[in-house]
Amino acid sequence: YRTDFEEQVITDLENPREVRFYNLDGRSFSNSAQAEFSWSPARRTEVRLAYRWLEVKADYEDEGTLDVPLVSTHRAFANVGYETKANKKKAQWKFDATFQWIGDQRLPNTAANDPEFQLESRSDDYFLLNAQITRVFSKQFEVYLGGENLLNFQQPNAILSAENPDSQFFDASLVWGPVFGAMAYGGLRWMPWQDKK
């Protein structure tokens with residue numbers, strides 16, 4: 001897909017002391033391509049793979065044509081799901097795991113900051129792993145347990161000058177990855193309106 005923008009409000013973060021908003025004067029476009037593959041290698045097992053390429057550029061008043069910041073050009077995704085055979089009461093187990101690769105992203109220019117508050121021109125790429133186990137007891141009731149960011153990736157230095165929020169270098173707008181580590185969750189689903197049969 002290709003999208004050409006004729007009118008657009010540009011959010012310009014290239015000066016770390018200010019955020020500027022102005023109307024597009026020049027080019028802005030997005031090119032994207034995505035490929036997906038699904039496969040069932042065994043009964044009640046599903047494998048899904050996907051890759052997305054995204055090129056997003058815009059003309060900035062002082063810098064010319066740049067990649068739009070904080071947008072990953074490359075992303076890949078793999079999901080595996082398996083469920084056991086349901087018994088007469090519709091009870092079964094379900095397992096699901098998702099693995100993602102998020103490619104690097106252009107970061108706004110921080111060269112005007114003091115050296116300790118400057119960032120590289122691009123972020124790191126990183127991987128995410130999420131998984132969930134569900135126990136279905138019937139059509140009406142199930143319990144689940146899962147985890148997010150199981151590889152425990154966290155963006156380093158997510159907030160510049162975090163220890164001094166009154167500083168001119170304080171900046172919480174440059175978040176490109178997870179700021180929390182691995183997390184576990186659990187819950188239940190109760191659907192009394194479902195037919196018991």
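**Note on a buried aspartate and its chain**

1. In this predicted model, D12 lies in strand β2, which spans residues 9-12. The relative accessibility of D12 is 2%. Because buried means under 20% relative accessible area, D12 counts as buried.

2. Which residues surround D12, leaving aside those up to four places away in sequence? The residues that D12 touches are E18, V19, R20, Y22, Y60 and E63. With Y22, the side chain of D12 also forms a polar contact of 2.7 Å. Y60 stands 48 residues from D12 along the chain, yet their C-alpha atoms are separated by 7.1 Å.

3. As to secondary structure, the protein chain has 11 strands and zero helices. The order from the N terminus is therefore β-β-β-β-β-β-β-β-β-β-β, each run being assigned by DSSP.

4. Along the principal axes, the C-alpha atoms fill a box of roughly 70 × 40 × 30 Å.

5. Of the 197 residues in the protein chain, 32% are buried. The chain exposes about 12700 Å², and 54% of that area is supplied by carbon and sulfur atoms. Among contacts between residues at least 6 apart in sequence, 57% join residues at least 24 apart.

Terms used. Residues are numbered from 1 along each chain as its sequence is written. This is a predicted model: local features need pLDDT of at least 70, side-chain atom pairs count only at pLDDT 80 or more; totals for chains, interfaces and linings use all residues. Side-chain values use heavy atoms; hydrogens and water are left out. Helices (H or I, at least four residues) and strands (E, at least two) are DSSP runs, numbered from the N terminus. Buried means under 20% relative accessible area, exposed over 50%, partly exposed in between (1.4 Å probe, protein chains only). Contact means heavy atoms within 4.5 Å. Accessible areas come from the Shrake-Rupley method with a 1.4 Å probe; for residues, only the protein chains shown count as cover. A polar contact is a pair of N or O atoms within 3.5 Å; within protein, one must be able to donate a hydrogen and the other to accept it, and residues adjacent in sequence count only if both atoms are side-chain atoms.
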